[in-house]
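Please open the model in your viewer and keep the selection panel at hand. The stops below are meant to be followed in order.

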Amino acid sequence: MKINQFEKRFYLILLIGMGTLILANAQTDSLILKNKNIIIGEIKSMDKGVLIIETDYSDVDFNISWNGIEQVFSKTKYLITLSNGKRYNGIIRSIDENTVEIDTYDPESLLNIRKVKNSKTEDIGGGKINVQIMEIVYLNALDEGFWSRLSANIDLGWSVTKANNLRQFNVRSGLGYLADRWKITSSYNNINSRQDDTEDVNNLNANITYNYFLSNDWYLMYNISFLSNTEQLIKLRTNNQVGFGKYLIHNNKTYLGLQAGINLNNEKDFGDNPAKQSGEFFIGYELNMYDIGDFSIYSQLMAYPSFTESKRFRTDSSIDLKYEFFSDFYVKLGTSVNYDNRPVVGGTKLTYVIQTTIGWSL
(Lines give C-alpha, C1' and ligand atoms only; values in the text may rest on other atoms or scores of the structure.)
Protein backbone atom coordinates (compact mmCIF):
# COMPACT_ATOMS: atom_id res chain seq x y z
CA MET A 1 0.00 0.00 0.00
CA LYS A 2 1.42 3.36 -1.00
CA ILE A 3 1.42 6.31 1.38
CA ASN A 4 0.71 9.67 -0.17
CA GLN A 5 2.50 12.90 0.73
CA PHE A 6 -0.29 14.08 3.06
CA GLU A 7 -0.19 10.83 5.04
CA LYS A 8 3.60 11.05 5.34
CA ARG A 9 3.32 14.53 6.81
CA PHE A 10 0.54 13.41 9.15
CA TYR A 11 2.58 10.47 10.50
CA LEU A 12 5.65 12.69 10.85
CA ILE A 13 3.73 15.26 12.88
CA LEU A 14 2.21 12.44 14.97
CA LEU A 15 5.65 10.97 15.74
CA ILE A 16 7.05 14.37 16.66
CA GLY A 17 4.08 15.00 18.93
CA MET A 18 4.42 11.62 20.65
CA GLY A 19 8.17 12.17 21.12
CA THR A 20 7.56 15.59 22.61
CA LEU A 21 4.93 14.16 24.97
CA ILE A 22 7.25 11.38 26.11
CA LEU A 23 10.09 13.84 26.64
CA ALA A 24 7.84 16.19 28.58
CA ASN A 25 6.74 13.37 30.87
CA ALA A 26 10.27 12.05 31.37
CA GLN A 27 11.97 15.42 31.79
CA THR A 28 9.91 17.23 34.42
CA ASP A 29 12.31 20.04 35.33
CA SER A 30 13.41 23.09 33.35
CA LEU A 31 15.88 25.93 33.80
CA ILE A 32 16.01 29.36 32.21
CA LEU A 33 19.55 30.68 32.32
CA LYS A 34 20.50 34.35 32.48
CA ASN A 35 21.71 34.12 28.88
CA LYS A 36 18.12 32.99 28.03
CA ASN A 37 19.12 29.42 27.18
CA ILE A 38 16.61 26.77 28.32
CA ILE A 39 17.62 23.37 29.70
CA ILE A 40 15.06 20.58 30.23
CA GLY A 41 15.93 17.56 32.34
CA GLU A 42 15.89 16.21 35.88
CA ILE A 43 17.48 18.32 38.61
CA LYS A 44 19.51 16.06 40.89
CA SER A 45 20.93 18.46 43.43
CA MET A 46 22.43 21.88 44.12
CA ASP A 47 25.21 22.42 46.62
CA LYS A 48 28.01 24.94 47.06
CA GLY A 49 26.64 27.08 44.24
CA VAL A 50 26.58 24.32 41.59
CA LEU A 51 23.40 22.66 40.25
CA ILE A 52 23.50 19.20 38.68
CA ILE A 53 20.89 18.36 36.02
CA GLU A 54 20.52 15.18 33.97
CA THR A 55 19.24 15.41 30.38
CA ASP A 56 18.32 12.90 27.68
CA TYR A 57 20.49 14.65 25.12
CA SER A 58 23.79 14.35 27.01
CA ASP A 59 25.77 11.34 28.24
CA VAL A 60 27.01 13.29 31.26
CA ASP A 61 25.17 15.50 33.75
CA PHE A 62 25.45 19.27 33.40
CA ASN A 63 27.04 21.27 36.22
CA ILE A 64 25.59 24.79 36.17
CA SER A 65 26.49 27.73 38.40
CA TRP A 66 23.47 28.63 40.55
CA ASN A 67 24.05 32.35 40.09
CA GLY A 68 23.81 31.81 36.32
CA ILE A 69 20.21 30.56 36.62
CA GLU A 70 17.36 33.05 36.20
CA GLN A 71 14.35 30.77 36.75
CA VAL A 72 13.77 27.17 37.80
CA PHE A 73 10.67 24.98 37.47
CA SER A 74 10.30 21.47 38.89
CA LYS A 75 7.71 18.89 39.93
CA THR A 76 10.20 16.98 42.05
CA LYS A 77 10.15 17.13 45.83
CA TYR A 78 13.42 18.33 47.35
CA LEU A 79 15.13 18.77 50.67
CA ILE A 80 15.72 22.55 50.57
CA THR A 81 18.03 24.60 52.79
CA LEU A 82 17.96 28.40 52.89
CA SER A 83 20.75 30.81 53.80
CA ASN A 84 19.01 31.56 57.12
CA GLY A 85 19.27 27.88 58.09
CA LYS A 86 15.60 26.99 57.57
CA ARG A 87 14.92 23.61 55.98
CA TYR A 88 11.93 22.48 53.94
CA ASN A 89 10.69 19.48 52.03
CA GLY A 90 8.85 20.80 48.99
CA ILE A 91 8.50 21.62 45.31
CA ILE A 92 10.00 24.74 43.77
CA ARG A 93 9.05 26.97 40.85
CA SER A 94 10.01 30.49 39.90
CA ILE A 95 7.47 33.31 40.07
CA ASP A 96 9.74 35.88 38.44
CA GLU A 97 13.45 36.43 37.79
CA ASN A 98 14.30 36.78 41.47
CA THR A 99 11.57 34.96 43.41
CA VAL A 100 11.00 31.23 43.90
CA GLU A 101 7.90 29.65 45.41
CA ILE A 102 8.41 26.64 47.69
CA ASP A 103 5.30 24.48 48.00
CA THR A 104 5.69 22.55 51.27
CA TYR A 105 2.25 20.93 51.21
CA ASP A 106 2.33 17.12 51.40
CA PRO A 107 -1.01 15.30 51.80
CA GLU A 108 0.80 12.26 53.23
CA SER A 109 2.83 14.21 55.77
CA LEU A 110 1.89 14.19 59.45
CA LEU A 111 2.97 17.82 59.53
CA ASN A 112 -0.14 18.77 57.56
CA ILE A 113 -2.72 18.82 60.37
CA ARG A 114 -6.38 19.10 59.44
CA LYS A 115 -9.35 20.46 61.31
CA VAL A 116 -13.08 20.50 60.70
CA LYS A 117 -14.79 23.91 60.59
CA ASN A 118 -18.42 24.43 59.60
CA SER A 119 -18.57 20.85 58.25
CA LYS A 120 -15.58 21.52 55.96
CA THR A 121 -12.13 19.99 56.19
CA GLU A 122 -9.42 22.65 56.24
CA ASP A 123 -5.63 22.27 55.98
CA ILE A 124 -3.72 24.25 58.59
CA GLY A 125 -0.26 22.73 57.99
CA GLY A 126 2.06 23.03 55.01
CA GLY A 127 1.71 25.90 52.58
CA LYS A 128 3.63 28.02 50.08
CA ILE A 129 6.63 30.21 50.84
CA ASN A 130 8.22 32.81 48.58
CA VAL A 131 11.99 33.32 48.81
CA GLN A 132 14.69 34.99 46.75
CA ILE A 133 16.39 32.48 44.45
CA MET A 134 19.83 33.27 45.93
CA GLU A 135 18.52 32.42 49.42
CA ILE A 136 18.47 28.75 48.37
CA VAL A 137 21.84 27.20 49.24
CA TYR A 138 21.05 23.47 49.00
CA LEU A 139 18.72 21.19 47.01
CA ASN A 140 18.54 17.41 46.96
CA ALA A 141 15.86 15.31 45.30
CA LEU A 142 14.13 13.27 48.01
CA ASP A 143 13.32 10.38 45.67
CA GLU A 144 16.96 9.82 44.72
CA GLY A 145 17.58 7.51 47.66
CA PHE A 146 20.61 6.76 49.79
CA TRP A 147 23.35 7.35 47.23
CA SER A 148 22.26 10.90 46.38
CA ARG A 149 22.82 11.93 50.02
CA LEU A 150 26.26 10.36 50.21
CA SER A 151 29.52 12.27 49.67
CA ALA A 152 33.02 10.85 49.46
CA ASN A 153 36.54 11.82 48.45
CA ILE A 154 39.96 10.23 48.36
CA ASP A 155 43.35 11.92 47.77
CA LEU A 156 46.61 10.07 47.18
CA GLY A 157 50.23 11.22 47.03
CA TRP A 158 53.49 9.34 46.59
CA SER A 159 57.10 10.49 46.42
CA VAL A 160 60.49 8.77 46.25
CA THR A 161 63.90 10.43 46.69
CA LYS A 162 67.08 8.60 45.69
CA ALA A 163 69.14 10.16 48.46
CA ASN A 164 68.82 7.97 51.58
CA ASN A 165 65.99 6.11 49.81
CA LEU A 166 63.28 8.44 51.14
CA ARG A 167 59.76 7.15 50.46
CA GLN A 168 56.60 8.98 51.45
CA PHE A 169 52.96 7.97 51.01
CA ASN A 170 49.98 10.28 51.68
CA VAL A 171 46.30 9.49 51.87
CA ARG A 172 43.46 11.90 52.67
CA SER A 173 39.89 10.68 52.54
CA GLY A 174 36.38 11.60 53.63
CA LEU A 175 32.89 10.11 53.78
CA GLY A 176 29.61 11.81 54.67
CA TYR A 177 25.84 11.43 54.69
CA LEU A 178 23.25 14.23 54.86
CA ALA A 179 19.71 13.59 56.17
CA ASP A 180 16.82 16.03 56.59
CA ARG A 181 17.81 17.21 60.08
CA TRP A 182 21.30 15.83 60.62
CA LYS A 183 24.55 14.91 58.93
CA ILE A 184 27.47 12.64 59.75
CA THR A 185 30.96 13.07 58.30
CA SER A 186 34.24 11.24 58.74
CA SER A 187 37.82 11.68 57.56
CA TYR A 188 41.06 9.71 57.56
CA ASN A 189 44.43 11.39 56.83
CA ASN A 190 47.78 9.65 57.05
CA ILE A 191 51.37 10.44 56.10
CA ASN A 192 54.01 7.73 56.34
CA SER A 193 57.70 8.45 55.64
CA ARG A 194 60.50 5.90 55.54
CA GLN A 195 64.19 6.61 55.08
CA ASP A 196 67.36 4.59 55.44
CA ASP A 197 69.17 4.90 58.79
CA THR A 198 66.33 6.90 60.43
CA GLU A 199 63.18 6.12 62.37
CA ASP A 200 59.92 5.98 60.42
CA VAL A 201 57.79 9.13 60.65
CA ASN A 202 54.03 8.78 60.87
CA ASN A 203 51.24 11.32 61.25
CA LEU A 204 47.65 10.07 61.43
CA ASN A 205 44.44 12.07 61.89
CA ALA A 206 40.94 10.61 61.84
CA ASN A 207 37.54 11.80 63.07
CA ILE A 208 33.80 11.19 63.01
CA THR A 209 31.43 14.15 63.44
CA TYR A 210 27.67 14.20 63.98
CA ASN A 211 25.67 17.44 63.59
CA TYR A 212 21.99 17.92 64.41
CA PHE A 213 20.50 21.04 62.80
CA LEU A 214 18.39 23.49 64.78
CA SER A 215 16.60 26.64 63.64
CA ASN A 216 18.36 29.84 62.54
CA ASP A 217 21.53 27.99 61.45
CA TRP A 218 22.38 26.67 64.94
CA TYR A 219 23.38 23.04 65.36
CA LEU A 220 24.43 20.57 68.04
CA MET A 221 27.61 18.57 67.49
CA TYR A 222 29.51 15.55 68.71
CA ASN A 223 32.99 14.78 67.41
CA ILE A 224 35.42 11.99 68.19
CA SER A 225 38.92 12.34 66.77
CA PHE A 226 42.15 10.34 66.84
CA LEU A 227 45.75 11.54 66.46
CA SER A 228 49.03 9.63 66.29
CA ASN A 229 52.17 11.70 65.78
CA THR A 230 55.71 10.37 66.13
CA GLU A 231 57.25 13.86 66.19
CA GLN A 232 55.19 14.83 69.25
CA LEU A 233 55.69 11.32 70.71
CA ILE A 234 51.91 10.78 70.82
CA LYS A 235 50.99 7.14 70.34
CA LEU A 236 47.27 7.93 70.48
CA ARG A 237 45.29 11.01 71.43
CA THR A 238 41.50 10.64 71.54
CA ASN A 239 39.27 13.71 71.74
CA ASN A 240 35.57 13.53 72.62
CA GLN A 241 33.90 16.87 71.85
CA VAL A 242 30.33 17.86 72.73
CA GLY A 243 29.14 21.34 71.85
CA PHE A 244 27.19 23.57 69.53
CA GLY A 245 27.81 25.72 66.48
CA LYS A 246 26.29 28.41 64.32
CA TYR A 247 26.77 29.45 60.71
CA LEU A 248 27.51 33.16 60.53
CA ILE A 249 27.69 33.08 56.73
CA HIS A 250 25.71 30.47 54.78
CA ASN A 251 25.27 31.19 51.08
CA ASN A 252 26.26 29.96 47.61
CA LYS A 253 29.78 31.35 47.92
CA THR A 254 30.89 30.82 51.51
CA TYR A 255 30.16 28.84 54.65
CA LEU A 256 31.54 30.27 57.90
CA GLY A 257 30.67 28.62 61.20
CA LEU A 258 31.75 28.99 64.82
CA GLN A 259 31.90 26.07 67.27
CA ALA A 260 32.34 25.81 71.04
CA GLY A 261 31.95 23.23 73.79
CA ILE A 262 33.76 20.81 76.10
CA ASN A 263 36.38 18.20 75.21
CA LEU A 264 37.58 15.11 77.07
CA ASN A 265 41.18 14.47 76.07
CA ASN A 266 42.77 11.04 76.53
CA GLU A 267 46.49 10.68 75.67
CA LYS A 268 49.00 7.82 75.53
CA ASP A 269 52.63 8.51 74.63
CA PHE A 270 55.21 6.11 73.16
CA GLY A 271 56.89 5.61 76.53
CA ASP A 272 55.91 3.48 79.51
CA ASN A 273 53.82 6.24 81.10
CA PRO A 274 50.16 5.41 81.72
CA ALA A 275 47.49 7.17 79.65
CA LYS A 276 46.31 10.46 81.09
CA GLN A 277 43.01 12.32 80.84
CA SER A 278 42.26 16.02 80.91
CA GLY A 279 39.26 18.29 80.45
CA GLU A 280 39.33 21.17 77.98
CA PHE A 281 37.11 23.83 76.50
CA PHE A 282 37.18 24.16 72.73
CA ILE A 283 36.36 27.08 70.45
CA GLY A 284 37.05 27.50 66.77
CA TYR A 285 35.83 28.22 63.28
CA GLU A 286 35.27 26.44 59.97
CA LEU A 287 35.48 28.32 56.65
CA ASN A 288 34.61 26.94 53.22
CA MET A 289 34.93 29.21 50.15
CA TYR A 290 34.06 27.67 46.77
CA ASP A 291 32.97 30.41 44.35
CA ILE A 292 36.50 31.07 43.07
CA GLY A 293 36.30 29.59 39.59
CA ASP A 294 37.72 26.06 39.70
CA PHE A 295 39.38 26.75 43.06
CA SER A 296 38.04 26.26 46.58
CA ILE A 297 39.53 26.97 50.01
CA TYR A 298 38.81 25.16 53.25
CA SER A 299 40.20 26.35 56.58
CA GLN A 300 39.65 25.22 60.16
CA LEU A 301 41.08 26.29 63.52
CA MET A 302 40.31 24.80 66.93
CA ALA A 303 41.75 26.03 70.25
CA TYR A 304 41.76 23.91 73.45
CA PRO A 305 42.38 25.78 76.73
CA SER A 306 42.54 23.20 79.52
CA PHE A 307 40.54 23.57 82.74
CA THR A 308 42.16 20.59 84.50
CA GLU A 309 45.85 21.21 83.62
CA SER A 310 47.15 24.61 84.66
CA LYS A 311 48.15 26.90 81.78
CA ARG A 312 48.01 24.18 79.12
CA PHE A 313 46.86 25.34 75.68
CA ARG A 314 46.60 23.42 72.39
CA THR A 315 45.54 24.27 68.84
CA ASP A 316 44.78 22.24 65.70
CA SER A 317 44.50 24.02 62.36
CA SER A 318 44.39 23.21 58.65
CA ILE A 319 44.14 24.95 55.28
CA ASP A 320 43.35 23.19 51.98
CA LEU A 321 43.50 24.76 48.50
CA LYS A 322 41.78 22.63 45.85
CA TYR A 323 41.78 22.99 42.06
CA GLU A 324 39.33 20.93 39.99
CA PHE A 325 40.99 20.23 36.64
CA PHE A 326 38.67 17.57 35.14
CA SER A 327 35.16 16.44 36.08
CA ASP A 328 35.39 15.18 39.70
CA PHE A 329 39.20 15.03 39.76
CA TYR A 330 41.29 17.66 41.48
CA VAL A 331 44.71 18.64 42.80
CA LYS A 332 44.94 19.69 46.44
CA LEU A 333 47.60 21.51 48.43
CA GLY A 334 47.00 21.17 52.15
CA THR A 335 48.73 21.96 55.40
CA SER A 336 47.92 21.05 59.00
CA VAL A 337 49.52 22.42 62.17
CA ASN A 338 49.43 21.01 65.73
CA TYR A 339 50.60 23.09 68.68
CA ASP A 340 50.87 22.13 72.36
CA ASN A 341 52.60 24.42 74.88
CA ARG A 342 53.03 21.47 77.29
CA PRO A 343 53.88 18.47 75.08
CA VAL A 344 54.97 15.01 76.12
CA VAL A 345 58.51 15.00 77.56
CA GLY A 346 60.86 14.84 74.59
CA GLY A 347 58.14 15.84 72.11
CA THR A 348 58.05 19.07 70.09
CA LYS A 349 55.62 21.90 70.76
CA LEU A 350 54.85 22.58 67.10
CA THR A 351 54.49 20.19 64.17
CA TYR A 352 53.20 20.81 60.67
CA VAL A 353 52.54 18.79 57.54
CA ILE A 354 52.33 20.01 53.92
CA GLN A 355 50.73 17.67 51.39
CA THR A 356 50.21 17.76 47.62
CA THR A 357 47.77 15.15 46.39
CA ILE A 358 45.56 14.21 43.45
CA GLY A 359 42.01 13.28 44.39
CA TRP A 360 38.53 12.29 43.29
CA SER A 361 35.19 13.18 44.87
CA LEU A 362 31.71 11.67 44.68
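This is a predicted model: local features need pLDDT of at least 70, side-chain atom pairs count only at pLDDT 80 or more; totals for chains, interfaces and linings use all residues.

Residues are numbered from 1 along each chain as its sequence is written, and side-chain values use heavy atoms, with hydrogens and water left out.

**The whole chain**

Begin with a cartoon view of the protein chain, which has 1 helix and 24 strands. These elements are DSSP runs numbered from the N terminus (helices H or I, at least four residues; strands E, at least two). Of the 362 residues, 37% count as buried, where buried means under 20% relative accessible area, exposed over 50% and partly exposed in between (1.4 Å probe, protein chains only). Switch to a surface view: the accessible surface comes to about 21200 Å², and 59% of this area belongs to carbon and sulfur atoms. Accessible areas come from the Shrake-Rupley method with a 1.4 Å probe; for residues, only the protein chains shown count as cover.

Select residues 182-194 (strand 15) and 201-213 (strand 16), which pair in the antiparallel sense over 12 bridges. Two strands pair if DSSP finds at least two bridges between them. I184 has Y210 of strand 16 as its bridge partner. The hairpin of strand 15 and strand 16 has 6 residues between them, and D197 in the turn shows a positive phi of about 65°.

**The cores**

Select L31, W66 and I136 next. Which members do these three touch the most of? Within the largest nonpolar core, of 23 residues, L31, W66 and I136 touch the most other members. A nonpolar core is a set of buried Ala, Val, Leu, Ile, Met, Phe, Trp, Tyr and Cys residues joined through side-chain atoms within 4.5 Å. Strands that each supply at least two residues of this core include strand 1 (29-33), strand 2 (38-47) and strand 12 (136-141).

Stay on I136: leaving aside neighbours within four places in sequence, I136 is in contact (heavy atoms within 4.5 Å) with M46, W66, I80, T81, L82, V100, V131 and N252. Then select V137, Y219, M302 and Y304, which are among the 13 residues of a second, separate core.

**Aromatic rings**

The structure holds 10 aromatic pairs. Rings of Phe, Tyr and Trp (its six-membered ring) pair if their centres lie within 6.5 Å; planes under 30 degrees apart count as stacked, over 60 as edge-to-face and the rest as tilted. Select Y177 and W182: the ring centres are 5.8 Å apart and the planes lie at 40°, so the pair is tilted. Y219, Y247, Y255 and Y290 form one aromatic cluster.

Next, show R87, which lies over the face of F213 at 3.7 Å from the ring centre, and R314, which lies over the face of Y304 at 4.4 Å from the ring centre. A charge sits over a ring if NZ of Lys or CZ of Arg is within 6 Å of the ring centre and within 35 degrees of the ring normal.

**Last stop: Y298**

Finally, select Y298 in strand 21 (residues 295-305). Y298 counts as partly exposed, at 23% relative accessibility. Not counting residues up to four places away in sequence, Y298 touches E286, L287, N288, S318, I319 and D320.
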